[in-house]
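Me: I am new to this structure and would like to learn how to read it. Could you walk me through a few features, starting with the general idea each time?

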Amino acid sequence: MVAISSLFTPNLVQSPTNLLKIPKSSRSIPALASFQISRPLDSCSFACRPRMRTMRILAASTEAPPSTRRLYVGNIPRTVTNEQLSKIFEEHGAVEKAEVMHDKYSGRSRRFAFVTMSTVEDANAAIEKLNETEIGGRKIKVNITEKPLATIDLSIAQDDESKFIDSPYKVYVGNLAKTVTTDLLTKFFSEKGKVLSAKVSRVPGTSKSSGFGFVSFSADEDVEAAISSCNNVLLEGQRIRVNKA
């Protein structure tokens, strides 16, 4: 058995049973990563392609389903980007993907994201180190997504989506209380104009309110009336924000 190059970090090999064995024949090297052999094998010197930042030889971890490595990150500032979030989490392990969720209508950040770590160990480390810490003055929530999205009852969210009638005359309604339903939103704005449709946006994969919604009208006059009469008024105990979507 040859010695492992210092390219590998110390914590990757912790016991004799986990040592990487390099076959004598270069044709039988496992395809764990893309290598270019710069010297004969007995020198054990490898050059990884530049695009690969880190190589982790943890066969058991790579088989872990994404749901066990996928983290929900809540209450992040609206200005945080995918790249910034990835850098924050890379301090505690290897990141496969970081994605800030945005509203498809307004393009605004929905103040939560999903980060998929390379291993379960990295995911647990990120939770331990980052949960309840602050980013940009906001205390964030970090935890494993509780269930695979496909297994969660999405009937409420799907029903709202299927019934929503889009229109060029539409308002964005922010800072909604969690108790506000689509029906309540429709009734509230119907007092200000002819409402075509309304919906409360849901956290992806759940029936939980995201804290904002949309209301579509039949004319621009109704939009202006809704903004002037409803912006910054109380609905279910919270002052809502209303502006053109």
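Me: How many salt bridges does a search of the whole structure find?

Reply: Side chains of opposite charge can pair when their charged atoms come close. A salt bridge here is a side-chain nitrogen of Lys or Arg within 4 Å of a carboxyl oxygen of Asp or Glu. By that rule, searching the whole structure gives six salt bridges. Keep in mind that this is a predicted model, where local features need pLDDT of at least 70 and side-chain atom pairs count only at pLDDT 80 or more, while totals for chains, interfaces and linings use all residues. Residues are numbered from 1 along each chain as its sequence is written, and side-chain values use heavy atoms, with hydrogens and water left out.

Me: Which residue forms a salt bridge with E96?

Reply: That partner is R69, with the closest N and O atoms 3.1 Å apart. The pair links distant parts of the chain, 27 residues apart: E96 sits in strand β4 (residues 95–102) and R69 in the loop between α1 (59–62) and β3 (70–74). Helices (H or I, at least four residues) and strands (E, at least two) are DSSP runs, numbered from the N terminus. The protein has six helices and 14 strands.

Me: Is R69 buried or exposed?

Reply: Buried means under 20% relative accessible area, exposed over 50%, and partly exposed in between (1.4 Å probe, protein chains only). R69 counts as buried because its relative accessibility is 5%. Of the protein's 245 residues, 36% count as buried.

Me: What does K170 form with D166?

Reply: K170 and D166 form a salt bridge, their closest N and O atoms being 2.8 Å apart. K170 is buried, at 8% relative accessibility, whereas D166 is partly exposed at 44%. Elsewhere, salt bridges that share partners join D220, E224 and K244 into one network.
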